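Thanks for asking me to look this one over. Below are my notes, written as numbered points so that you can follow them with the model open beside you.

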2 protein chains.
Amino acid sequence: MSSDYNNLKSLGLKVTAPRMRILALFQKAAATEKRHLTADEVFSLLKDEGEDVGLATVYRVLTQFEVAGLLRRHHFDTESASYELGEPEHHDHLVCVECGKIEEFVDVDIERRQKEIADRFGYSLDHHTLCLYGICKECREKAKDKG
Amino acid sequence: MSSDYNNLKSLGLKVTAPRMRILALFQKAAATEKRHLTADEVFSLLKDEGEDVGLATVYRVLTQFEVAGLLRRHHFDTESASYELGEPEHHDHLVCVECGKIEEFVDVDIERRQKEIADRFGYSLDHHTLCLYGICKECREKAKDKG
DNA sequence: TTCTTTGCAAAGCTTTTGCATCTCG
DNA sequence: CGAGATGCAAAAGCTTTGCAAAGAA
């Protein structure tokens, strides 16, 4: 992943070990089901990897990456914010309230309707957050087995 | 508003001064543009009214009211949660990122699409949060005046 | 060298909890 | 009277900030 190097450079950020490691973490995560990481999860994962990065640094780097457009921040229903690698395309989320699994989707109909609604109210639409909460098939089956 | 009394009673909550006052606050707010109040706003409003209610009590009452279905909790983009009087009908929000004004809406197309999306992913849909962020007409005009 | 970044510790915010006191029913 | 509610203060999360030391360019 030598592109990380240029990635950071082009953002005007100095290439440092903590930044490279955090970016790599999100790139790894992006390939899995767990794309979304909280500051504390990043902190713990880094600690597991051996070398320590301070929690304050994690917060600072996440904020910088978000400002730079490299990461996207979400709040969902929980207390702490989580981040995911910011892809060019926008998407919304579908969260399992049992196991925390997160699916992503885009729906052009919904996007279009949102624009229309904003127009109707006289708002210029900047962005939006749409999050569906439900129970995934696996968790429903698990519940069935038990009860 | 003597219905407050019965309102609380029917929820199995003792009728106390802090509860009555907080409920009244939300009922007043519901009639205005500022339907949504944070715990701290409730706390301040009560303080303005004279008699003091502890902040801890505000938090406890808000939580109880939410559990009882009397209030609805939102997170929007900010750090602190806000509450609004829970109406029977669900609705989504449109927030002005400049002045904080909040509009409410329901769109049957969007609601239906959400259900379809959840189905497609095999999720049973529990609830959702949709919030549009933009700039309202007034704020855009204010910005234009300034240059 | 110079400006940025880091780590640590301390502080800030929002929210929760423990406990003695008070109050509704 | 007795269970539940309140207020205060202390504590618990999450996040930010100050500052001296370390590091990138």
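**Notes on the domains, the chain contact and the sheets**

1. Let me start inside chain A, where domain 1 and domain 2 bury about 880 Å² between them, 51% of it on carbon and sulfur atoms. Buried area here is the accessible area (1.4 Å probe) that two parts lose on being put together, summed over both. The domain assignment of chain A gives residues 1–88 to domain 1 and residues 89–147 to domain 2; such bounds come from an automatic or database domain assignment. Taken over C-alpha atoms, the centres of domain 1 and domain 2 of chain A are separated by 23 Å.

2. A word on the ground rules. This is a predicted model, in which local features need pLDDT of at least 70 and side-chain atom pairs count only at pLDDT 80 or more, while totals for chains, interfaces and linings use all residues. Residues are numbered from 1 along each chain as its sequence is written, chains are lettered from A and ligands numbered from 1 in the order in which they are written, and side-chain values use heavy atoms, with hydrogens and water left out.

3. Which residues make the salt bridge between the two domains of chain A? The rule finds one salt bridge across this interface, a salt bridge being a side-chain nitrogen of Lys or Arg within 4 Å of a carboxyl oxygen of Asp or Glu. A:Glu104 pairs with A:Arg35, with the closest N and O atoms 2.9 Å apart. On the side of domain 1 of chain A that touches domain 2 of chain A, there are two nonpolar, two polar and six charged residues. For these classes, Ala, Val, Leu, Ile, Met, Phe, Trp, Tyr, Cys and Pro count as nonpolar, Asp, Glu, Lys and Arg as charged, and the others, Gly among them, as polar.

4. The domain contact can also be counted by residue. Ten residues of domain 1 of chain A touch ten residues of domain 2 of chain A, where contact means heavy atoms within 4.5 Å. Five residue pairs are in polar contact between these domains (both at pLDDT 80 or more). A polar contact is a pair of N or O atoms within 3.5 Å; within protein, one must be able to donate a hydrogen and the other to accept it, and residues adjacent in sequence count only if both atoms are side-chain atoms.

5. A:Glu84 lies in strand β3 (residues 82–85) of chain A and A:Arg35 in the loop between α2 (17–30) and β1 (37–38) of chain A, so the pair ties together parts that are 49 residues apart in sequence. Helices (H or I, at least four residues) and strands (E, at least two) are DSSP runs, numbered from the N terminus.

6. Now to the two chains. Chain B and chain A bury about 3300 Å² between them, 59% of it on carbon and sulfur atoms. The contact takes 38 residues from chain B and 39 residues from chain A. Five salt bridges cross this interface, and B:Arg113 forms a salt bridge with A:Asp107 at 2.2 Å between the closest N and O atoms. Polar contacts between chain B and chain A come to 16 residue pairs (both at pLDDT 80 or more).

7. Which element of chain B gives the most to the side that touches chain A? That is β6(B), with twelve residues. By class, this side of chain B has 16 nonpolar, nine polar and 13 charged residues. Strand β6 (residues 124–135) of chain A is joined to β6(B) by eleven bridges, and the two run antiparallel; A:Ile135 has B:Ser124 as its bridge partner. Two strands pair if DSSP finds at least two bridges between them.

8. Finally, the sheets. Chain B has an open sheet of three strands in the order β1-β3-β2, with antiparallel pairing. β1 (37–38) and β2 (71–74) of chain B stand at the edges, each with a single partner strand, so one side of each is left without a neighbour in the sheet. Four bridges join β2(B) to β3 (residues 82–85) of chain B, with B:Leu71 opposite B:Leu85. In chain A, three strands likewise form an open antiparallel sheet in the order β1-β3-β2, and A:Arg73 stands opposite A:Tyr83 in β3(A).
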